[in-house]
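Here is a short briefing on how the parts of this protein pack together. Have the structure open beside you as you read.

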Amino acid sequence: MLSIVSTPIGNLEDMTFRAVRTLKEVDFICAEDTRTSKVLLNHYQISTPLTSFHAHSTDAKREAIVRRLKAGESAALISDAGTPGISDPGWILIRDCLDAGIQVIPIPGASAVLSALVASGLPTHRFVYLGFLPLKKGRQTLFKALVEEERTVVFYESARRVVRTLEQLSQYLSATTQVVIARELTKIHEEFTRGTLMEVLSELRGRSSIKGELVVLFKQDR
Ligand code: SAM
């Protein structure tokens, strides 16, 4: 069996009892970065053997994991933070496991997209998650398509690029589009910046620097 285990996105208390128990009980843990995960595992006194599984893992590595699971071992998949598979490696391994007849179960927990969405104040009944926006190819096409988007839009962005991305979006979306920037969720400096596209842009432009991790959300007034 493969358990997809969500881990905290900043606050170590956001670990479920079930996640800790599962990570203790499985035969091995597939971790995106074993050094990063050791901090979390040490905190919870979890000494299960780790093996690395990341975006650049080879087919052979994946096959080796699937073979072990086929042979009867159990494993947990974790990423550096949040829910594996959500803008993190995971789905290919999950597909391979399912193809091999291995049971796959989710152990739910923290994820930046849902945490940002529920506290954003934007409509939550229908939303579209875009992951990280394409940096070059397909970027303009996506922006053009977003003009027609009626649902709340959520995407991940780096602090370094957020102002430029909002500037680009402002060329396509109305100035009154409602925007929320959810920064450093669950951490000491957690912050939500809410307002129209122009208000949020001018607020962020006024800062000497923007640090940390963030999620961008918007809803067009249509
Ligand atoms: N799998 C993770 C999840 O479930 O949220 C996402 C991993 S993705 C590689 C990392 C991106 O998620 C960051 O660049 C940022 O956009 C967002 N993110 C992760 N943790 C965050 C936090 N504490 N606050 C705001 N955004 C966060």
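In this predicted model, the largest nonpolar core has 22 residues. Val-162, Leu-166, Leu-169, Ile-181, Leu-204 and Phe-218 have the most contacts inside this core. A separate second core holds 16 residues, among them Leu-23, Ala-31, Tyr-44 and Ala-76.

**What builds the largest core**

**How H7 and H8 pack**

- The axes of H7 and H8 lie 10 Å apart, and the two helices pack at an angle of about 150°.
- Angles over 145 degrees count as roughly antiparallel, so that is how H7 and H8 are described relative to each other.
- H7 and H8 cross in a left-handed sense.
- On the H7 side, the contact is made by Val-162, Val-163, Leu-166, Glu-167, Leu-169 and Ser-170.
- On the H8 side, Leu-197, Met-198, Val-200, Leu-201, Leu-204 and Arg-205 take part.
- By residue type, the contact of H7 with H8 divides into nine nonpolar, one polar and two charged.

**How H3 and H4 pack**

- Helix H3 (residues 59-70) and helix H4 (residues 91-99) have axes that come within 10 Å and cross at roughly 40°.
- H3 and H4 are therefore oblique to each other, and H3 passes H4 in a right-handed crossing.
- From H3, the residues in this contact are Arg-62, Ile-65, Val-66 and Leu-69; they meet Ile-92, Leu-93, Arg-95, Asp-96 and Cys-97 of H4.
- The residues of the contact of H3 with H4 comprise six nonpolar, no polar and three charged.

**A look at Leu-40**

- Leu-40 sits in helix H2 (residues 34-43).
- Is Leu-40 buried or exposed? With a relative accessible area of 9%, Leu-40 is buried, because buried means under 20%.
- Beyond its neighbours within four places in sequence, Leu-40 is in contact with Thr-7, Pro-8, Leu-12 and Met-15.
- Thr-7 and Leu-40 are 33 residues apart along the chain, while their C-alpha atoms are separated by 8.5 Å.

Technical notes
Residues are numbered from 1 along each chain as its sequence is written. This is a predicted model: local features need pLDDT of at least 70, side-chain atom pairs count only at pLDDT 80 or more; totals for chains, interfaces and linings use all residues. Side-chain values use heavy atoms; hydrogens and water are left out. Axes are lines fitted to C-alpha atoms, for helices over the stretch in contact, and angles run from 0 to 180 degrees between N-to-C directions. Helices (H or I, at least four residues) and strands (E, at least two) are DSSP runs, numbered from the N terminus. Angles under 35 degrees count as roughly parallel, over 145 as roughly antiparallel, 65 to 115 as roughly perpendicular and the rest as oblique. A crossing is left-handed if the near helix is turned anticlockwise from the far one by less than a right angle, and right-handed if clockwise. Contact means heavy atoms within 4.5 Å. Ala, Val, Leu, Ile, Met, Phe, Trp, Tyr, Cys and Pro count as nonpolar, Asp, Glu, Lys and Arg as charged, and the others, Gly among them, as polar. A nonpolar core is a set of buried Ala, Val, Leu, Ile, Met, Phe, Trp, Tyr and Cys residues joined through side-chain atoms within 4.5 Å. Buried means under 20% relative accessible area, exposed over 50%, partly exposed in between (1.4 Å probe, protein chains only).
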